[in-house]
Amino acid sequence: MKANPKTKADPKADAAAAAPTGSKKKLIIMVAAAVLVLGAGAGGGWYFSQSGAHAEEAPAKESKKSKKKKSDDDVKAEYVPVESFTVNLQPENGEQYLQVQFTLQVAGAEQVQLVKDNMAVVRNRVLLLLSGKKASEISTVEGKQQLAAEILAAVQQPFEKDGDEQDVTDVLFTSFIIQ
């Protein structure tokens, strides 16, 4: 029997088969680099999420201590939603109306109850204020900010003669439509 030359071991062919070719080397390097990048990203994400958790814990501990030391001036803000208003605006270019809804930011639960108990007075003051406006005055961002300041001033006035001012700190528009 004659030996098959193809089955003979060729040392050069074995070395070439064992060693990866140039494109295989590039593929292995790219896969290794991708694994390293993903590992570094996961490690970085874990590190920053853990350091963020520690940063949040510290103020939480401080806030518990500071709650005991808080004075009456440092009361948590509360919000009082006010039902929507629809009013006719002062005529400029024909009939126009304003539909607006807002929320009042007040200092503490006591002020929430005071505003709710006097909501008819609040709505009357705001209605009179809104109906005296022109669309051109309140259609810009600056106009809306000015209107919020005017509503704030109107709502802060005492509900009773010789009473204290309300502790309303902000007016936050939740809907604002001019037609």
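Is Phe-173 buried, partly exposed or exposed, and what is its relative accessibility? In this predicted model, Phe-173 has a relative accessibility of 26%. Because buried requires a value under 20% and exposed a value over 50%, Phe-173 counts as partly exposed.

**View 1. The edge-to-face pair of Phe-173 and Phe-176.** The structure holds two aromatic pairs. In the pair shown here, the ring centres of Phe-173 and Phe-176 are 5.2 Å apart and the planes meet at 80 degrees. Since an angle over 60 degrees counts as edge-to-face, this pair is assigned to that class.

**View 2. The stacked pair of Phe-85 and Phe-102.** Among the two aromatic pairs of the structure is that of Phe-85 and Phe-102, which is stacked, with 5.9 Å from centre to centre and 5 degrees between the planes. The pair joins distant parts of the chain: Phe-85 belongs to strand β1 (residues 77-88) and Phe-102 to strand β2 (residues 97-107), 17 residues apart. Both Phe-85 and Phe-102 are buried.

**View 3. Arg-123 over the ring of Phe-85.** Arg-123 is placed over the face of Phe-85, 4.2 Å from the ring centre.

**View 4. The largest nonpolar core.** This core comprises 28 residues, and Leu-104, Leu-130 and Ile-151 have the most contacts inside it. Two or more residues each come from β1, β2, α3 (109-117), α4 (119-131), α5 (135-138), α6 (141-156) and β3 (168-178).

**View 5. The surroundings of Leu-104.** Apart from neighbours within four places in sequence, Leu-104 contacts Glu-78, Tyr-79, Val-80, Val-82, Val-115, Val-122, Val-155, Val-168, Asp-170 and Val-171.

Key:
Residues numbered from 1 in each chain as written. Predicted model: local features only at pLDDT ≥ 70, side-chain atom pairs only at ≥ 80, totals over all residues. Heavy atoms only, no water. Phe/Tyr/Trp six-rings, centres within 6.5 Å; stacked < 30°, edge-to-face > 60°. Helix = DSSP H or I, 4+ residues; strand = E, 2+ residues; numbered from the N terminus. Buried < 20%, exposed > 50% of the residue type's maximum accessible area, 1.4 Å probe, protein only. Lys NZ or Arg CZ within 6 Å of the ring centre and 35° of its normal. Core = buried A, V, L, I, M, F, W, Y, C linked by side-chain atoms within 4.5 Å. Contact = heavy atoms within 4.5 Å.
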